[in-house]
Amino acid sequence: MIWEDFFFRWTRIAGNVTFRYFLIAGTVFFLFYFILNGILASRKMQAKFPKLKDYSRDITYSLITILIFATMAAVVFVLLSPYTLYYRDVEKFGWGYFYLSFPLMFLIHDAYFYWAHRLMHHPRLFKAIHKVHHYSTNPSPWTAYAFHPFEAVIEAGIILVLGFVLPVHQAAFGLFMLFQFSYNVYGHLGYELYPKNFQRTWIGRWINTGTAHNQHHQYFHGNYGLYTLIWDRIFGTLREDYEKKFDQVTKPRDYTPKEESIKHLA
């Protein structure tokens with residue numbers, strides 16, 4: 001019976017995440033790479049667009065990642081359910097804690113990602129695992145889940161970590177993962193959405209931006225954060241040219257990628 005429950009949960013999660021991936025990444029891709037590419041030309045961080053082969057590679061790896069995420073979730077929510085802190089009854093901890101769990105998950109995941117990401121940039125691990133994600137030196141929304149299978153296991157490890165360190169309602173976790181994916185799509189978008197001088201505001205100094213993560217893909221070093229720049233600033237891994245680059249992409253410049261938006265599918 002437990003294996004039937006496992007398979008049911010696995011197929012449901014895999015189906016939901018696949019639908020979410022194509023709905024969110026696909027919609028954002030269509031809007032920014034075809035509809036708004038001329039209007040937001042000054043906001044594009046790299047003038048050229050990825051090629052069709054880049055999109056297809058990213059989608060292929062992302063589908064593998066989704067299957068791994070679904071497997072990890074099914075293992076945690078079914079096989080390990082009696083041993084984790086995930087719960088289904090909101091009244092167990094109340095609605096106040098239900099909402100409090102979001103910033104707690106945010107901070108835990110942000111720290112987990114930073115250190116796992118830095119570890120994967122060790123030369124041996126980078127070549128064996130993380131290099132796949134960096135095939136996209138000019139990322140697109142499709143890159144959000146484009147991981148080597150071993151990296152996908154590491155990324156999915158946050159499901160296990162949260163389940164053993166923090167009581168989390170399963171619905172709250174689902175909503176948090178929706179936020180996680182959406183912000184990940186923004187990080188790989190290729191366009192900066194935050195306003196000019198945001199990186200110098202009291203809160204903007206600590207928020208990770210599309211510019212910061214795009215630099216990481218372009219240059220491979222620095223800017224390792226996920227949601228925030230807290231760890232990058234504390235440990236000196238924020239690129240020195242980050243603020244200058246943010247200034248460049250948030251001010252108007254003479255570039256209209258209409259022709260490129262057709263070429264990137266060649």
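**Close-up 1. Arg200, a partly exposed residue in a loop.** Arg200 has a relative accessible area of 43%, so it counts as partly exposed (buried means under 20% relative accessible area, exposed over 50%, and partly exposed in between, with a 1.4 Å probe and protein chains only). You will find Arg200 in the loop between α6 and α7; helices here are DSSP runs of H or I with at least four residues, strands are runs of E with at least two, and both are numbered from the N terminus. Leaving aside residues up to four places away in sequence, Arg200 touches Arg205, Glu243 and Asp247, where contact means heavy atoms within 4.5 Å. Tyr114 lies 86 residues from Arg200 in sequence and 22 Å from it in space, C-alpha to C-alpha.

A word on the model: it is predicted, so local features need pLDDT of at least 70 and side-chain atom pairs count only at pLDDT 80 or more, while totals for chains, interfaces and linings use all residues. Residues are numbered from 1 along each chain as its sequence is written, and side-chain values use heavy atoms, with hydrogens and water left out.

**Close-up 2. Salt bridges around Arg200 and elsewhere.** Six salt bridges turn up in a search of the whole structure, each being a side-chain nitrogen of Lys or Arg within 4 Å of a carboxyl oxygen of Asp or Glu. One of them joins Glu243 and Arg200, at 3.7 Å from N to O. This pair links distant parts of the chain, with Glu243 in helix α9 and Arg200 in the loop between α6 and α7, 43 residues apart. Glu243 is partly exposed, at 23% relative accessibility. Another salt bridge brings together the side chains of Arg239 and Asp241, at 3.0 Å from N to O. Arg239 is partly exposed at 22% relative accessibility, and Asp241 is partly exposed at 29%. Through shared partners, salt bridges also join Arg200, Arg233, Glu243 and Asp247 into one network.

**Close-up 3. A buried pair, Asp58 and Arg57.** Here the closest N and O atoms of the salt bridge are 3.7 Å apart. Both Asp58 and Arg57 are buried.

**Close-up 4. Helix α7 and what covers it.** Eight of the 10 residues of α7 (residues 210-219) are buried, so this helix is largely enclosed by the rest of the structure. The buried residues are Gly210, Thr211, Ala212, His213, Asn214, Gln215, His216 and His217. Their cover includes α3 (94-120), α6 (170-187) and α9 (242-249). In α9, Tyr242, Lys245, Phe246, Asp247 and Val249 are buried, and the buried residues of α9 pack against α7. Following α7 comes Phe220, with a positive phi near 75°.

**Close-up 5. Helix α1 crossing α6.** The axes of α1 and α6 come within 10 Å and cross at roughly 35°; axes are lines fitted to C-alpha atoms, for helices over the stretch in contact, and angles run from 0 to 180 degrees between N-to-C directions. From α1, the contact is made by Arg9, Arg20, Tyr21, Ile24, Ala25 and Val28. Their counterparts in α6 are Gln170, Met177, Leu178, Phe181, Ser182 and Val185.

**Close-up 6. Phe30 of helix α1.** Phe30 is found in α1 (residues 2-35). With 47% relative accessibility, Phe30 counts as partly exposed.
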